[in-house]
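Colleague: Please take one part of this model and look at it closely. Give me the overall picture before the details.

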Amino acid sequence: MRYLLVEDNLELAEAVVNRLVLDGHAVDHADCLASAEDCLAAARYDLILLDVMLPDGDGREFLERSRAHLETPVIVLTARAQVSDRVGALDQGADDYITKPFDFSELEARCRAVLRRRGGSAKNQITLGEAVFDPLAGTISHNGSTVDLRNREIRLLEVFARNPGHILSKSQLMDRLFSYDAEVTENAIEVYVGRLRRRIEGMGLRIETVRGLGYRMEAGQS
């Protein structure tokens, strides 16, 4: 998934980015609301982690203003532990909140929960034809056999799984897998697609190359 972290505490931001990138996500960091607006104008995000107190304004007010056109799920990061503060954040458009200081495992769990709810599922597992993909466990299973996936393979399969039958260009896949400052080329997508094809071989899943357009995954029978 591609995340936008809006946080002015650079030490905390670096720690959060490193943890999420380690899990295979692409993360862009904005240290103020103006920078966040620039990021949102340039890219589509799966999830926003939004601090409350920022140098150029209140994150909750920004969220409330943006909800008219912003559908991306938002988790508010706040040091305020009062119930009224948390209720206020939810009423202003947040999908969830987490109180600082927080444990990274809790943050990751809340991210997964919010994304599941937005995807209309209460479970981590995604059924793809005859195969069952578990992004949290990093596995795909078929006819009793289970294959372990690497982080980039997990995220790439997740993108395909959430866009069944859709043609995704290399630039779109790069946008989902890598942050702005990552020094990668479209050749990297070819490499990861090739690896993923080998992993899911015989599972009834086919990643088709659509010449000049990109890739499309379809689920059939093995």
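Modeller: The radius of gyration is taken over C-alpha atoms, and the globule rule is 2.2 Å times the number of residues to the power 0.38. For 222 residues, a compact globule would have a radius near 17 Å; this protein has 18 Å, which agrees. Keep in mind that this is a predicted model, where local features need pLDDT of at least 70, side-chain atom pairs count only at pLDDT 80 or more, and totals for chains, interfaces and linings use all residues. Residues are numbered from 1 along each chain as its sequence is written, and side-chain values use heavy atoms, without hydrogens and water.

Along the principal axes, the C-alpha atoms fill a box of roughly 55 × 35 × 30 Å. The protein has eight helices and 13 strands; these are DSSP runs numbered from the N terminus (helices H or I, at least four residues; strands E, at least two). Of the 222 residues, 47% are buried (buried is under 20% relative accessible area, exposed over 50%, partly exposed in between, with a 1.4 Å probe and protein chains only). Take the contacts with a separation of 6 or more: residues 24 or more positions apart account for 56% of them. Contact here means heavy atoms within 4.5 Å.

Two strands pair if DSSP finds at least two bridges between them. (Axes are lines fitted to C-alpha atoms, for helices over the stretch in contact; angles run from 0 to 180 degrees between N-to-C directions.)

Walk along the sheet. S9 (residues 131-134) pairs with S10 (residues 139-142) over three bridges, in the antiparallel sense.

Next comes S10 with S11 (residues 145-148). Four bridges join these antiparallel strands. Thr139 stands opposite Asp148 in S11. The hairpin of S10 and S11 has two residues between the strands.

Stop at Asn143, in the loop between S10 and S11. Its phi is near 50 degrees, a positive value in a residue other than glycine. Most residues other than glycine have a negative phi. Is Asn143 buried or exposed? Asn143 has 66% relative accessibility, so it counts as exposed.

H6 brings Arg152, Glu153, Leu156, Leu157 and Phe160 to the contact, and H8 brings Tyr192, Val193, Arg195, Leu196 and Arg199. By class, that is six nonpolar, no polar and four charged residues. (Ala, Val, Leu, Ile, Met, Phe, Trp, Tyr, Cys and Pro count as nonpolar; Asp, Glu, Lys and Arg as charged; the others, Gly among them, as polar.)

For contrast, turn to the parallel sheet. Its five strands run in the order S2-S1-S3-S6-S7, and the sheet is open. S2 (26-30) and S7 (96-99) each have a single partner strand, so one side of each is left without a neighbour in the sheet. The twist averages 20 degrees from one strand to the next. S1 (residues 2-6) pairs with S2 over five bridges, in the parallel sense. Arg2, for example, has Ala26 in S2 as its bridge partner. H3 packs on this sheet, touching S3 (47-51) and S6, with its direction at about 140 degrees to that of S3.

One loop sits between H3 (59-66) and S6 (74-78), and Thr72 lies in it. Thr72 has a relative accessible area of 12%, so it is buried. Leaving out residues up to four places away in sequence, Thr72 touches Tyr45, Asp46, Leu47, Ile48, Arg67, Asp95 and Arg118.
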